[in-house]
Amino acid sequence: MGVLKDFFNLLKGMTITGKHLGRRAVTIQYPEQKMQMFERSRGVVVLLSDKETGDLNCTMCMLCMRACPTAAIYIDAPRDENKKRVLKEFKVDHALCCYCGLCEEACNFSAIKLANKYEFSTWDIDDLVWDVNKLQDVGRDVPYVDTRKKKPAAKAAAKPAEKKADDKKSAADGAKPSAEENKQSEGDKPSEPKATDTAAADKTAPAKDEKAVDSSPDETPESDETRRSADDDTKKGDA
Amino acid sequence: MELYPVFMWLHDLLESTGIGEPWSTIISYGFLAVTVFGTLSILALFLVWWERKIAGHIQQRFGPMRTGWHGWYQTIMDAVKLLQKEDIRIATRDKAVFFWAPVVCFVAAYLAYVVIPFGENLIVADLNVGILYIIAVTTFTVISLLMAGWGSNNKYALLGGMRSAAQVVSYEVPMAVSILTVIVFAGSLSMVDIANAQQGNIIFNWFIFKPPFGIIAFLTYITAATAEANRTPFDIPEAEQELVAGYNVEYSGMKFAMFFLAEFVNLFTVSAIAVTLFFGGWHGPLLPSWIWFLLKTFAVILLLMLFRWTFPRLRVDQLMEFAWKFLVPLTFANLILAGWFKYAGWHW
Amino acid sequence: MSALRTEEFTVNMGPHHPSTHGVCRLILTMDGEKVVKVEPVIGYLHRALEKICENRTYVQCIPILDRFEYVTAMSCNYVFALAVEKLAEIEVPERAEYIRVIMLELNRIASHLLFYGVTAMDIGALTPFLYGLRERELIIDLFEMTCGQRLTYNYIRIGGVARDLPPEFVPKCREAVKIITDKLVDYEGLLNENPIWKVRNQGIGYLSPEDAIAYGVSGPVLRASGVEYDIRKNDPYSIYDRFDFNIPTHQNGDCYDRYLQRLAEIKESLKIITQALDGLPEGEIQPKKKINAITYKPPAGEVYARVENSRGELGVYLISDGSTKPVRVKTRGGSYNQLQALPIMVNDCLIADLVAIFASLDVIMPEVDR
C-alpha cells in the first residue's frame with residue numbers, strides 16, 4: 001500500500017518536528033545573554049599595554065603595518081633629534097580590517113592583538129577608524145601572554161614610566177641589522193640585543209615564531225612605496 | 001439559538017431611547033458585525049504570534065521575545081508598523097483592481113463567520129444552508145488573489161495569481177465532497193444541527209469516529225483545507241523560493257497587512273469548520289461552550305502549523321494531480337459508500 | 001475557431017531572488033509555468049580576488065583567498081598552501097597534516113549541512129534549515145576555538161597550520177562527531193522518505209555522466225551521476241591515502257541522488273575525522289624553516305594544485321617569479337562548471353523544478369564570480 005506508506009512517512013516527519021516542540025531553544029537572547037567567546041576569537045584590533053607600567057608595548061617597528069593584507073593599519077612614527085621614534089599616529093581602520101590576525105602574528109612585542117570583543121559597531125563608518133588612545137583603552141583589560149624578553153633591571157628598579165618607554169625605544173632602534181641580513185635571517189636571532197625572541201613557550205609560540213624578522217622600515221623606503229601602490233590597488237579592486 | 005436575542009435586546013433598547021426605524025436596526029446590526037469582526041481580528045493577530053512561536057520552538061529558537069512577555073504584542077506592533085508604512089503603488093498597476101484586491105480578500109475571509117457557531121447560541125445567523133454558504137463565500141478569496149496577481153502588473157504576481165486560481169478551484173471539489181459526507185451523517189446543512197448531531201456519548205459521537213468514512217473525510221478535508229488556506233505544503237501561490245512572494249509581491253503597508261490577516265482568518269475558518277464538522281463543535285463538559293470550541297480549533301490549527309513547519313512544498317502540476325487523480329476519486333468513493341451505508345440503515 | 005494565442009515571456013530571476021543563493025541572475029524564457037530556456041548571468045559578486053592576490057605576499061594571499069569560497073574557506077586556505085608547498089618543496093610536519101585533514105573534513109561536513117538546510121528551504125521545508133545550521137554551529141565553534149574565526153579562517157598556512165589545536169579540541173570534536181552522527185537520523189527521517197520530497201526531487205534535473213564530464217562538473221554532482229571520481233582517491237594529496245574511506249556514488253544523476261550523495265559524504269567524512277583523531281601524533285605544526293609573512297620567496301616556477309572540496313575540484317594555478325609576490329594566481333572552483341551545466345539540465349521543466357535543480361547543484365556565487 002504505497003499510499004499508507006507515504007502517509008506514515010509523513011507522520012514520521014511530523015513526529016520529528018513535534019518532538020522538537022518541547023525542547024529548549026539553542027539560541028540565546030543577545031543583549032541580555034552573551035556568548036562566551038573563545039580565548040582565540042579574533043575580534044576587534046587593540047593595542048596592548050604593559051601589565052605593570054601601563055605603557056604601550058608597541059615599539060613602532062611597523063611590522064604589523066607591512067603584514068596587513070588590507071592596509072588597515074597606518075602608523076606614523078618619525079624619528080626625533082635623538083634618532084628615537086616618536087609615535088605620532090597609529091590608526092586601525094576596522095572597516096578595512098579583514099580580521100585575519102596576521103598583524104598579531106607579525107608582532108614581536110605582544111603589542112597588537114585581535115581581542116575576543118565584538119561589540120564595536122557604530123552608526124558612522126568613520127568612527128571605525130580608531131586612533132591610538134582608543135586602541136589602547138579598549139586593549140587595557142585584554143589578557144595576553146607577554147612574549148617579550150623581560151629585562152631584570154626593569155623589574156628590580158622601579159623606573160619612571162617614560163624612562164622605560166625610552167629604553168624600549170632605544171633598544172628597538174639599536175638593533176637595526178641591514179636589509180641583507182633581514183633576508184638571510186629566517187628564524188629567531190638570539191644574538192640580537194633586543195627583545196625579539198619568543199621566550200615564553202606558551203601554546204601560541206609556534207605561531208609567533210613565524211615572523212621573527214626585524215623590520216627596519218626607515219631603511220626600506222621602496223617597501224613603503226610598494227605598500228602604497230598595493231593600497232591603491234586594493235582600493236581600485238574593492239571599488 | 002443565535003446572537004439574535006442580543007440583537008433584539010439592543011434593538012429594543014434603542015427603540016426605547018426614541019431612535020426609530022430604520023436606525024435602530026442598522027445600529028444593532030452594526031454592533032453585531034463589529035463584535036464579530038473585532039473578535040476575529042484579535043484572533044488573527046494572536047494566530048500570527050502563535051504561529052511564530054510554534055515555528056520558533058519547532059526550530060529550537062525562541063520566536064518573538066522582545067515585546068512584552070514572550071513577545072505577546074509583537075503582531076500588534078507589526079500592525080502599527082505596517083499602518084505607518086508608505087503605501088507603494090507602482091505606476092503600471094491596474095488602479096481599480098490593485099486597490100480592491102486586498103479589500104475583497106479581507107471581506108471574503110470574514111464572510112464565513114456569519115454561520116460559524118462559536119459556542120452555544122453564539123452564532124450570527126443559523127442559516128439552514130450554512131455549510132453551503134461557507135463553501136460559496138470562501139471561494140471569493142480566489143477572486144481577490146487573481147485580482148492581486150493581475151492588478152500588480154508583475155510577472156511573478158501574475159504567476160502566483162494563476163496558480164492560486166487553479167489550486168483553489170481544484171481543491172474546492174474534494175473539500176466540498178468530504179463536507180458532503182458529513183452532511184450525509186448529519187442529515188442537515190445547518191452548522192448548528194451538524195454540531196448538535198455529535199452531542200453526547202463522551203467523544204464517540206463525533207463524526208471523525210465514524211469508521212471508516214469519518215476519518216477519511218477528515219483527512220481529505222484537512223488536506224483540501226490546507227490548500228484552501230494556502231499553507232505549506234500547498235502554498236504555491238506565494239511560494240517565496242520560486243515566485244518571491246507570489247500575488248502580494250507588489251503590496252506594501254496596510255494592503256499587505258490585509259492579505260496577511262486574511263490568510264490567518266482563513267486558517268481559523270477552515271479549522272473552525274473542521275471542528276464543527278468532525279469534532280463535535282462547541283460540545284464538551286464542564287467548561288463554557290465557547291472555550292471548548294476555541295480549544296478544539298486551536299488543536300486543529302496546531303496540526304496545520306505542524307504541517308507547515310515539516311513538509312516541503314509540492315509543485316504546481318503535482319498539486320493538481322494530487323487533487324484530481326487521488327483526492328477527488330477518494331472523496332467520491334467515500335461519499336457514495338457512506339451514503340449507501342446510511343441508506344441501508346446500517347449503524348456504525 | 002482559432003487556437004488561443006500564447007506567447008513566451010521573459011522573467012528575470014535574480015540577482016535579488018530568494019533562491020539564487022546570493023546574486024546569480026537567471027534570465028528565464030517561460031511558457032506559462034514552463035521554463036523553455038535559462039541563461040545564467042554571472043559577475044555580480046566579482047571582487048577581483050585573483051588580481052588582488054598579485055599585489056600581496058604569499059602569506060597575505062591566504063586571508064584574501066578565504067573569501068574565494070567562504071563556505072569551505074579551509075579548502076581555499078589549503079589549496080593555496082598546497083600550491084606553494086609544491087612549488088617550494090616544503091615538507092609539512094606530520095601533526096600539521098593530520099590537523100589539516102581534520103579541518104578539511106569538518107569543513108566539508110559544515111558545507112554539506114548548509115546544503116541540506118538550504119536545499120530543503122528551497123523546496124519549501126523551512127525547518128531542516130535550522131536543524132542543519134544547528135549542527136553546523138558545532139563545527140564552526142570548533143573552528144573558532146582553534147583559529148579564532150568562524151568563516152574566514154586563515155588557518156592552514158604554507159608549510160603547516162597557524163596554531164596548534166587547543167587542548168579541549170579533541171574531546172569536543174569527538175563529541176561533535178557523535179552528535180552529528182545521531183542527528184543524521186533526524187535529517188534522513190525528515191526528508192529522505194518524505195513522499196513530497198521524493199516527488200519533488202526524483203527524476204528532476206537529470207545530468208548524464210557524459211554531459212557531466214563534458215562540462216567539467218566535479219564533486220558530489222559528478223559522483224551522483226555515477227562517475228566515481230574523487231581527487232582524494234584519484235590524485236591523493238596530504239595524507240588521505242592513509243585513511244580508510246569510500247567514495248559513495250549514486251547512479252540516477254537527479255536532484256534526489258545529489259541530495260543522498262551529500263548525506264553519504266557526510267558519513268564518510270565522519271569516518272575520516274574519527275580515524276584522524278585516533279592517529280593524531282604529537283609534534284611540530286610548522287616547518288623548521290619558518291615562513292615569514294613579509295619576506296617569504298618561493299622559487300620561480302609554475303604549479304597547479306587541486307583539492308576535492310564540497311563543491312568539486314578546487315584548484316589554484318600559481319606562477320612565481322621568485323619575488324615576494326605571485327605573478328599570477330588563477331583559481332578554479334567547482335561551482336562555475338556546475339552553473340554552466342544548469343541550462344542542459346533544465347529541459348522544459350517548471351520554475352519550481354529550476355529552483356530544485358539550482359539548489360541541488362549547491363552553487364555558491366563567490367566561487368563563480370571570484
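Modeller: Axes here are lines fitted to C-alpha atoms, for helices over the stretch in contact, with angles from 0 to 180 degrees between N-to-C directions. Helices (H or I, at least four residues) and strands (E, at least two) are DSSP runs numbered from the N terminus. This is a predicted model, with pLDDT of at least 70 needed for local features and 80 or more for side-chain atom pairs, while totals for chains, interfaces and linings use all residues. Residues count from 1 along each chain as written, and chains are lettered from A and ligands numbered from 1 in written order.

Biologist: At what angle do α4(C) and α11(C) pack?

Modeller: In chain C, α4 covers residues 94-123 and α11 covers residues 255-278. Their axes are 9 Å apart. The two helices are therefore roughly antiparallel (over 145 degrees). The packing angle is about 155°.

Biologist: How many residues of that α4(C) and α11(C) contact are nonpolar?

Modeller: Contact means C-beta atoms, placed from the backbone, within 7 Å. α4(C) brings residues including Ile102(C), Ile109(C) and Phe115(C), and α11(C) brings others, among them Ile266(C), Leu270(C) and Ile273(C). Three of the contact residues are polar and four are charged (Asp, Glu, Lys, Arg; nonpolar are Ala, Val, Leu, Ile, Met, Phe, Trp, Tyr, Cys and Pro; the others, with Gly, are polar). The nonpolar count is 14.

Biologist: Thanks! In chain B, how far apart are the axes of α11(B) and α12(B)?

Modeller: Helix α11(B) spans residues 253-278 and α12(B) spans residues 289-308. Leu267(B) and Phe268(B) are among the contact residues of α11(B), with Phe293(B) and Val300(B) among those of α12(B). That contact holds nine nonpolar, two polar and one charged residues. The angle is about 115°, and the axes are apart by 8 Å.

Biologist: Which strands stand at the edges of the open sheet in chain C?

Modeller: The sheet has three strands, in the order β6-β7-β8, with antiparallel pairing (at least two DSSP bridges between two strands). Each edge strand has a single partner, so one of its sides has no neighbour in the sheet. Those edge strands are β6 (301-309) and β8 (328-332).

Biologist: And which residue of β7(C) is the bridge partner of Gly301(C)?

Modeller: β6(C) pairs with β7(C), residues 312-320, in the antiparallel sense over nine bridges. Helix α3(C), residues 73-88, lies across both strands, at about 145° to β6(C). For Gly301(C), the bridge partner is Ser320(C).

Biologist: Last one: how many residues does chain B give to the contact with chain A?

Modeller: Chain A gives eleven residues. By class, that side has four nonpolar, six polar and one charged. From chain B, the number is ten.

Key
Two residues are in contact if their C-beta atoms, placed from the backbone, lie within 7 Å. Angles under 35 degrees count as roughly parallel, over 145 as roughly antiparallel, 65 to 115 as roughly perpendicular and the rest as oblique.
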